Amino acid sequence: MEQIEKALARARETRSSNLKQLRPANTSTVHSSANGVAPSYTETVVAAPDLRRMNEERVIADVLGHPVSDTYGLLRTQVLQRMRANGMSTLAVTSPEIGAGVTTTAANLALAIALDVNQTVLLVDLNLREPGLHEKFRIKPTAGIDDYLRGDVELKDCLVSPGVARLVLLPARVPNGEAAEIISSPRMTALAKELQSRYQDRIIIYDTPPLIPSGDTLGFMPNVDAVLLVARSGMTTKLEIEKSANLLGNKPIVGTLLNAH
């Protein structure tokens, strides 16, 4: 445990200079134009939330009094402060290896940010080998980002509101063995640029695969402003943290989260 925490601290220290060197931009577009009013979705499918099943999937950032919800609220504050200070709007949530809890973290962080009445969030599932965001929110998408990238549907057909104000999901529907090629494809790059330009008043969070086992996430990193690195207590090693930091190069890390279980 102590070695992992020291490795995380070193990773933060080595990347802190990157954040300091970033030139602050005009962040007036970072805050949502919703101005505290829940948006009305006219083209986005709105799913009825199954709160009990969501809690079973550990999506609990909106559960008042839950012992972990305050932790996600604190994570939201820290992430938003660092992103806003540097004019950032897109974030990849990833980990060194499989099993650290990236999808759970991405879902709860997005939900926590959506609870801020002045902020809207788009949560994108880029774990195309094992898509899981739709399971976290207990929805069954009829179309997903995988269908869009194949050219089968329009983007608006893939977007789903999980019944939470100010939160929209872009899920992936079925596993795809060609994830690395898809994520780094020109069509995916074009989509990332479109989402960032179309939703200038939103934070966009990408749930991405782990860094070390494959090149999926690294191929997509040029399309995001920053990274949130997730580690797991008792599983993630010091060597894996250091290797992940090296793989990320100069990409800013806005925070690290050590999951207890």
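A: The second largest pocket of this predicted model holds about 300 Å³ of space. Its lining is formed by 17 residues, and those closest to the centre of the pocket are Ile 98, Gly 99, Asn 127, Glu 130 and Pro 210. By class, the lining residues divide into seven polar, six nonpolar and four charged.

Of the 261 residues in the protein, 51% are buried. Among contacts between residues at least 6 apart in sequence, 84% join residues at least 24 apart.

Buried residues have under 20% relative accessible area; Ala 143 is counted among them because its relative accessibility is 5%. Beyond its neighbours within four places in sequence, Ala 143 is in contact with Val 153, Asp 157, Cys 158, Pro 171 and Arg 173. Val 174 is 31 residues away from Ala 143 in sequence, and the C-alpha atoms of the two are 9.5 Å apart in space.

Helix 10, which spans residues 238-248, has a buried set made up of Glu 240, Ile 241, Ser 244, Ala 245 and Leu 248. These residues lie on the same side of helix 10 because they cover an arc of only 135° around the axis. After helix 10 comes Gly 249, with a positive phi near 60°.

Confidence has to be considered alongside these details. The mean pLDDT of the protein is 79, and 74% of the residues score at least 70. Strand 2 (residues 90-94) has the highest confidence, at 97, whereas helix 1 (residues 2-21) has the lowest, at a mean of 47. Over residues 14-42 pLDDT stays under 50, and for this stretch the model has 54 contacts beyond four places in sequence. Where pLDDT is low, the predicted coordinates should not be read in detail.

Methods. Residues are numbered from 1 along each chain as its sequence is written. This is a predicted model: local features need pLDDT of at least 70, side-chain atom pairs count only at pLDDT 80 or more; totals for chains, interfaces and linings use all residues. Side-chain values use heavy atoms; hydrogens and water are left out. On a 1 Å grid over the protein atoms alone, a cavity is a set of points where a 1.4 Å probe fits but cannot get out, and a pocket is an open set with protein on both sides within 12 Å along at least five of seven lines; lining residues have an atom within 4 Å of a point. Grid points are joined across faces, edges and corners, and a volume is the space filled by probe spheres set on the points. Ala, Val, Leu, Ile, Met, Phe, Trp, Tyr, Cys and Pro count as nonpolar, Asp, Glu, Lys and Arg as charged, and the others, Gly among them, as polar. Buried means under 20% relative accessible area, exposed over 50%, partly exposed in between (1.4 Å probe, protein chains only). Helices (H or I, at least four residues) and strands (E, at least two) are DSSP runs, numbered from the N terminus. The arc is that of the directions from the helix axis to the C-beta atoms. pLDDT is the predictor's confidence in each residue, from 0 to 100. Contact means heavy atoms within 4.5 Å.
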